[in-house]
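These are notes for a colleague who has the coordinates open. Please read each point against the structure.

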Amino acid sequence: MSTTQPLAGLLDLVEADPAFLAIAESSGVANTVDLVGPSVIYPLVIAKIASEQESGIKLVLTTTGRAADELAADLSAYLPSEGIAVFPSWETLPHERLSPSADTVGKRMAVLRRLAHPIVGSVHAPPITVLITSVRAALQPIVANLGDQDPVVLNMGDKASLTETVSGLVALGYERVDLVDRRGQIAVRGGILDVFPPTQEHPIRVEFWGDEVEELRYFAVVDQRSLEVAEHGLWAPPV
């Protein structure tokens, strides 16, 4: 679903600027562009390059993960937000006896899935045009073929077994609990399955009628009350 880019018109205004002409020329020749300037111009420059080079994925390295998130938010004022993705780094170090959070694992897996198997027009896995990541995340080793792991996908009216769906989610790393209160968890009560995908703001409640998905709704973590219908269904990547 496309969103409005309030500053997209600025891309046309800078076309005749000598500095931007030089950037466009160098980016068309080289695969890497080194820029030095105020940080406020970075989103505009990246958007200009991305708009002129429609093919391929533009990789943007930032100093920190926070800078990556801020740049992605600023860049969405110039480019469609569905084509912008942030690849987070592990929040734990290799020597620490701690596991990364389900949020981080899920977000990384979702990005890897979009890179390996993008779906044009999809809300959950659209093609990536600009990938933003920190230097730390770019240097951390990644196991090959992680993007080939299929997410659990459910839509209203689908034929699906509740038991097999739960088994599939557990195999992807989801934790089975009595009450879902954070990402990466699932809960089952009768014919109702609660899932909190790492890419969603709210968890999703899936109601089964036999082996058919009858309804999907978001619900609030605080009071567990159902919210609006999840019209785009459930897309649960590994966590």
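1. Gln224 counts as buried because its relative accessibility is 16% (buried means under 20% relative accessible area, exposed over 50%, partly exposed in between, with a 1.4 Å probe and protein chains only). Gln224 lies in the loop between S9 and S10, and its phi is positive, about 65 degrees, although it is not a glycine. Helices (H or I, at least four residues) and strands (E, at least two) are DSSP runs, numbered from the N terminus.

2. On the basis of these notes: this is a predicted model, in which local features need pLDDT of at least 70 and side-chain atom pairs count only at pLDDT 80 or more, while totals for chains, interfaces and linings use all residues. Residues are numbered from 1 along each chain as its sequence is written, and side-chain values use heavy atoms, with hydrogens and water left out.

3. Asn145 also has a positive phi, near 65 degrees, and is not a glycine. Asn145 sits in the loop between helix H6 (135–139) and S4, and counts as exposed because its relative accessibility is 59%.

4. An open sheet of six strands runs in the order S5-S6-S7-S8-S9-S10, with mixed pairing (two strands pair if DSSP finds at least two bridges between them). Strand S5 (175–176) and strand S10 (226–229) are at the edges with a single partner strand each, so one side of each has no neighbour in the sheet. S8 and S9 are antiparallel, paired over six bridges.

5. Arg205 stands opposite Arg217 in S9. The charged end of Arg205 is over the ring of Phe219, 4.1 Å from its centre (the criterion is NZ of Lys or CZ of Arg within 6 Å of the ring centre and within 35 degrees of the ring normal). Arg108 lies over the face of Trp90, at 4.0 Å from the ring centre.

6. The largest nonpolar core has 21 residues, of which Leu193 and Val206 touch the most other members. Such a core is a set of buried Ala, Val, Leu, Ile, Met, Phe, Trp, Tyr and Cys residues joined through side-chain atoms within 4.5 Å. Among the elements that each supply at least two residues of this core are helix H7 (162–171) and strand S8 (204–209).

7. Helix H5 (residues 102–116) has 15 residues and should span 21 Å at 1.5 Å a residue, which agrees with its end C-alpha atoms being 21 Å apart; the expected span is 1.5 Å times one less than the number of residues. Buried residues of H5 include Arg108, Met109 and Leu112.
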